[in-house]
Amino acid sequence: MKIGLTTTIPVEAILAAGHEPVDLNNIFITDAEPDRLVARAETDGYPRTACAWIKGIYSAALKHGIETIIAVTQGDCAQTHAMIETLSEAGTRIIPFAYPYDRDEELLRAQIQRICDHLRVTWEEAEHQRERLRPIRMKVAELDRLTWRDGLVSGLENHYYQICCSDFHGDPERFEAELGRFLSRARGRVPARSAVRLGVAGVPTIYSDLYDFVEGLDARVVLNETQRQFTMVPSINCDLLEQYRRYTYPYQLSGRVKDLREQIELRQIDGLVHYTQAFCFRQIQDLLMKRHLDVPVLSLEGENPGPLDARTRLRLEAFVETLVARKRH
Ligand code: SF4
């Protein structure tokens, strides 16, 4: 059975139950016509001011006939609450999952156990799946190193393979084989060099050409903050509970800032693009991000799926030019 997810959750429980995880965000944004999925939600009554990701995953779930969804009701997005109510009315079975705001160990343990109970698997069986995924995560860690240390993997490729780790395309071994073939090719490339090293932070962008555009300037993306978190590579040596406690995205911003500060230093990043989504509460976090990071931060806002608009292109060009000039002085 396919089980939809609204964002990264302990996917190990789904795999332990022999089901196929499907990240609804991924099937929305890789749809041939994601804008039509957004429009369908609006036709069904969603307001224009609801987030396009929410509208897209609602329509993607219906389009693909996903009958069961594990929905994150705390630690991701308040709009998910209303969205799952509309899907529930349409007959979808909803299994809620909440990341405790303060990373409380016992609360998180209870939430993971709840998913296991819903799916009729034991904690030990889920732990076993974590071990199964470990070699795949090691390969993704290599891909990330080939990006920031060796210049052999582009920012877009880094984004793609890391973001796939929320559901491993529903088939971890097939994904591992695809990744292995990609790594073999990448290791033989000539390293790319550019004047400026950028990080991209925030929710994954809805723009289709952000990476291509930025890397067409004198810049390379050497960090994808949230996508890297989806891989669980930073907690690869931890057990299941600790893995999801160290995952920064669903908890307080301070954990994300600490992680970003470390990665900015390690990867020698010159500037950060903080992507936010129109009508998203996470836009408020932008001010804290700017306050607590020591590199220049460009805040970008996207709304609907599609290419960058002219104004955003100009802002990116000006940002990269400023960083280039800063490095020369
Ligand atoms: S971008 Fe913001 S509002 Fe949209 S789904 Fe993600 S967290 Fe929710």
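Here is a walk through this predicted model, starting with its sheet and moving on to its nonpolar cores.

Let's begin with the sheet. Strands of a sheet pair through backbone hydrogen bonds, and they can do that in parallel or antiparallel fashion. Here you're looking at an open sheet of four strands, paired in parallel and laid out in the order 2-1-3-4. The edges belong to strand 2 (20-23) and strand 4 (93-98); each has a single partner strand, so one side of each has no neighbour in the sheet. Going from one strand to the next, the twist averages 30 degrees.

Lys2, for instance, has Glu20 in strand 2 as its bridge partner. Helix 5 (residues 79-89) packs on the sheet, where it touches strand 3 (68-74) and strand 4. The direction of helix 5 makes about 155 degrees with that of strand 3.

Now for the inside. In soluble globular proteins, nonpolar side chains tend to be buried together. The largest nonpolar core in this model has 76 residues, and Ala13, Leu24, Ile57, Ala61, Ile70, Ile115 and Leu198 have the most contacts inside it. Helix 4 (residues 52-63) supplies the largest share of this core, with seven residues.

Ile115 is a handy place to look around: setting aside neighbours within four places in sequence, Ile115 is in contact with Pro10, Ala13, Ile70, Ile95 and Phe97. There's also a second, separate core of 13 residues, including Val153, Tyr161, Cys164 and Phe230.

How values were computed. Residues are numbered from 1 along each chain as its sequence is written. This is a predicted model: local features need pLDDT of at least 70, side-chain atom pairs count only at pLDDT 80 or more; totals for chains, interfaces and linings use all residues. A nonpolar core is a set of buried Ala, Val, Leu, Ile, Met, Phe, Trp, Tyr and Cys residues joined through C-beta atoms within 7 Å. A residue is buried if 20 or more other C-beta atoms lie within 10 Å of its own, exposed if 12 or fewer, and partly exposed in between; C-beta atoms are placed from the backbone. Helices (H or I, at least four residues) and strands (E, at least two) are DSSP runs, numbered from the N terminus. Two residues are in contact if their C-beta atoms, placed from the backbone, lie within 7 Å. Two strands pair if DSSP finds at least two bridges between them. Axes are lines fitted to C-alpha atoms, for helices over the stretch in contact, and angles run from 0 to 180 degrees between N-to-C directions.
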